[in-house]
Amino acid sequence: MDTLSKHRVTLDALDQQIITLLAQRIAVAHKINVIKKRRGLSALDRTRWLHVLRTRQAYAQSLGLEKALVAKLYRVIHAYVLTSHTKV
């Protein structure tokens, strides 16, 4: 197997891990939503959301990633979770 093929195999494995972690994150967010609904709380906790966004951007930056990339990813995930919560 040449170097290009090896790197592609590695990327494929990493992508599977990312998707698995995303599924796990969404499952936990769903559990949180169930608890919030029982307590009569809004699905959106703006203070928490801003904290998550800031801390994830800082962590990404510490790893050499651009904060804007992580912000975009988390905004997509957050929007998906909020939309799915309205369906519950």
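Reader: Before that, what kind of model is it, and which residues count for what?
Author: This is a predicted model, where local features need pLDDT of at least 70, side-chain atom pairs count only at pLDDT 80 or more, and totals for chains, interfaces and linings use all residues. Numbering runs from 1 along each chain as its sequence is written, and side-chain values use heavy atoms, with hydrogens and water left out.

Reader: Fine. How many helices and strands?
Author: Three helices and zero strands in the protein chain. The order from the N terminus is α-α-α. Helices (H or I, at least four residues) and strands (E, at least two) are DSSP runs, numbered from the N terminus.

Reader: What's the radius of gyration against a compact globule?
Author: The protein chain has 16 Å, whereas a compact globule of 88 residues would have a value near 12 Å. The radius is taken over C-alpha atoms, and the globule rule is 2.2 Å times the number of residues to the power 0.38. Along the principal axes, the C-alpha atoms fill a box of roughly 55 × 25 × 15 Å.

Reader: What share of the residues is buried?
Author: 16% of the 88 residues. Buried means under 20% relative accessible area, exposed means over 50%, and partly exposed is in between (1.4 Å probe, protein chains only).

Reader: And the exposed area of the chain?
Author: About 7200 Å², with carbon and sulfur atoms supplying 61% of it. Accessible areas come from the Shrake-Rupley method with a 1.4 Å probe; for residues, only the protein chains shown count as cover.

Reader: Which residues make the nonpolar surface patch?
Author: Tyr59, Leu63, Leu65, Leu69 and Leu73, over about 520 Å². Patch residues have over 30% relative accessible area and no salt bridge; like charges are joined within 9 Å, nonpolar side chains (Val, Leu, Ile, Met, Phe, Trp, Tyr) within 5 Å. A salt bridge is a side-chain nitrogen of Lys or Arg within 4 Å of a carboxyl oxygen of Asp or Glu.

Reader: Where is Leu63?
Author: In the loop between α2 (46-62) and α3 (67-86). Leu63 counts as exposed because its relative accessibility is 52%.

Reader: Switching to Gln57. Buried or exposed?
Author: Buried, because its relative accessible area is 16%. Gln57 lies in helix α2.

Reader: What does Gln57 touch?
Author: Leaving aside neighbours within four places in sequence, Gln57 is in contact (heavy atoms within 4.5 Å) with Lys67, Val70 and Ala71. The Gln57 side chain also reaches the backbone oxygen of Lys67 at 3.5 Å.

Reader: Arg54 next. Buried or exposed?
Author: Exposed, because Arg54 has a relative accessible area of 52%. Arg54 is in helix α2. Its C-alpha atom is 8.5 Å from that of Ala71, 17 residues apart along the chain.

Reader: Which residues does Tyr74 touch?
Author: Not counting residues up to four places away in sequence, Tyr74 touches Arg25, Trp49, Val52, Leu53 and Arg56. Tyr74 sits in helix α3. The C-alpha atoms of Tyr74 and Trp49 are separated by 9.7 Å.

How values were computed: Polar contact = N/O pair within 3.5 Å; in protein donor to acceptor, adjacent residues only side chain to side chain.
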